[in-house]
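Please look through the structure shown here before reading on.

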Amino acid sequence: MRPLTFLLATEPPPRRAGVLVAVVAVALCTLLIYPLKQVAPVVSLGVVYLLAVLIVSAIWGALLGVFTAVLSAAAFNFFHLPPVGHFEIRNSSNWVALITFVVAAALVSSIAEVTRARTRDADARRREADLAAEMARLLLRGNNLAEALPTAAARLAQALELNSAAIEMEAVEGDERSVAFPLREGTRRLGTLLVGTDTSEQSLRRLQERVVPALEALLSAALERERLLGGVVETAALRRADTVKTALLRAVSHDLRSPLTAISAAGEAVGSPSLSPQEREEMAAVIQEEARRLSRLVDNLLDLSRLEAGAAEPRRDWTSVEDLIRAALRELAARPEEFSLSIDPDLPLVSVDPVQMERAFVNVLENARRHSGGFPVSVRGRAVRSLAHARARTVTAGGGRRAEEQAEEPTPAGDRVIVRVVDRGPGIPPAQLERVFEPFYRAGTSAGGHRGSGLGLAIARGFAEANAGSLHVESLPGQGAAFVFELPLSEPGEESPA
Amino acid sequence: MNTPAQPAAARPPRVLVVDDEPQIVRALKVVLREAGFEAIPAETASEALDLAAVRPPEAAIVDLVLPDGDGVEVTRTLREWSEMPILVLSAVGEEEQKVRALEAGADDYITKPFGARELVARLQAALRRAAPSEDEPIIAVQGLEVDLAARLVRRDSEPIHLTPIEFDLLRVLVRNRGRLMTHRKLLAEVWGPEYVDDIQPLRTHIARLRAKIEPEGAAGPRYIVTDPGVGYRFSL
């Protein structure tokens, strides 16, 4: 039966073609009867026309079918029934032929119509099922429901041959350009399906009956899924915060107590009658150094809590990087042999919060000193500029026309101050490179290597980033580590120093 | 078995100090010297064990957190060949390690930050206990008299009747007076090693023992002091 499926195509070919086929088929049947007359009585050969009638009714329906039936009856009468060459309805065989043709036409065309309708229906259902499956994939798989809605709406419009469709997550009223279908779950309003006002009645009905309920179920599931995902993310975040708090407590417990113990013991030792002058000095140094360490730890804890709370809003000022580094070294009570400085004397000023950036430098320098194994830590500062930038800057420096020039200036990706702090310590294994910036992370277990609080690098990076800069580390195990600060030379729209 | 010898008069007792905080060690050195000890500093667990083998100390002070291991391991290893008193230094948040160190054979712990005087007092007490006192038949502490041989207990000369288990408990505590006895240690000594996890009956017996020996109306126990979560100690 496969070859004949074209007979039941869901949409019949044009009617004009049908008329043509009817006429040609009737003509062919008429011609076919001439040779057949030699083998059979002419009256019985009327059945040949049934072929034409059946084909036309099956394909083009009842109207053309009846037309073919009448045409066949007329042709049979005119060409083959005596008296040949005349229309003359003389005996009942004429009527029998005509009625048979008409009845066959009506019967075949209605059967064909029913089959065709069923096929159409099945096709529509398959398309709806496909559509529902695809909508489910679009709405339930992604991580962002709001982003998936336009795609889902476009797919809906395409499948239902609508000119426009949109799914909104809120209650929207229809207007002169769109028809609104409210989407609900029970009494709760989920959103609205909007289609163009040019949509046909039939499509609107189909939307209301078939599409809207499916869409409501899908949206409701997608919203529930999003809510649950949100819960999962929140739980994970809370758990992380909890871990951080526990780590903080441990760190505080250990790191506050060690300097306190040293201070308390040294304080007691100072009272000893047998103390030599050299020991007395040593004990005083212990007390001073450990008190400084305590105070740095307290500063770090405050800094970290500020950074974690997002309250580290920088108070920017035009600042010399060299001044920052020298202040940091003073804060660390650094001895001259501990650090070797090489800072470009023409280094331009940067717009940063001097207090925050000093804290960042203090922490990175202290970390480098701690891990440098007694070798001096090298600190180098220089500016990096792109050529296009240098031109813009020249103009800026010459006249006060910064605002106009700013518009042409490219984003300052290549225009920055770079400070490299390089130690000659054991280096950092590649797997730990990023972890060293995590709060409470302490690299390695090398002897004497865990005296830091594990907070310094996290704070340094936090402040560098809060000031539009960055801090990263480069290292090969066994070859020391380089901590690299990058600070942008200017922020668009900011005043240059007077 | 290596009972620590009484230090010769010429040489101050050696104390191994294991802590990776050089400032603490520097200060403790002075404090200990002032109290008549010689401090042998070690920064790491392995250095501590090496030094202890080369120059056997009379006592050890061990920090629980060390760069190359923990104080529990150091305690256990020292205990394998020596009966020397071992004090562990701990911080809040290291309770679990503290108990493990005591189980591993540490004699006492002291929480950072501590006063140097307290450290010295605990050290001296631990050394006194380590000195042989096995044949001390009658122990008298603050009005309480325990006759170990006759199994008699008197408070202010009034005889007190104890059940055999209560007496055994008191005997173990008194003979280790000043020393922190963990729950497990007490259970093992009084009931036997298979009962080391039955803390609840231990609490009950301690409560009954206290009701009998502690003076009425006092603010808290005078003789048997609780170290919460760790054990009991008979006060000096």
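## Where the chains meet

Two residues are in contact if their C-beta atoms, placed from the backbone, lie within 7 Å. By that rule, the contact takes 29 residues from chain A and 25 residues from chain B. On the side of chain A that touches chain B, the elements giving two or more residues are α6 (201-270) and α7 (277-308) of chain A, and α6(A) gives the most, with 14 residues. Helices here are DSSP runs of H or I with at least four residues, strands are runs of E with at least two, and both are numbered from the N terminus.

This is a predicted model, in which local features need pLDDT of at least 70 and side-chain atom pairs count only at pLDDT 80 or more, while totals for chains, interfaces and linings use all residues. Residues are numbered from 1 along each chain as its sequence is written, and chains are lettered from A and ligands numbered from 1 in the order in which they are written.

## The sheet of chain A

In chain A, three strands form an open antiparallel sheet in the order β1-β3-β2, where two strands pair if DSSP finds at least two bridges between them. The edge strands, each pairing on one side only, are β1 (165-168) and β2 (178-185) of chain A. Eight bridges join β2(A) to β3 (residues 188-196) of chain A in the antiparallel sense, and A:P182 has A:T192 in β3(A) as its bridge partner.

## After a helix

Helix α5(A) is followed by A:E161, whose phi is positive, near 55°.
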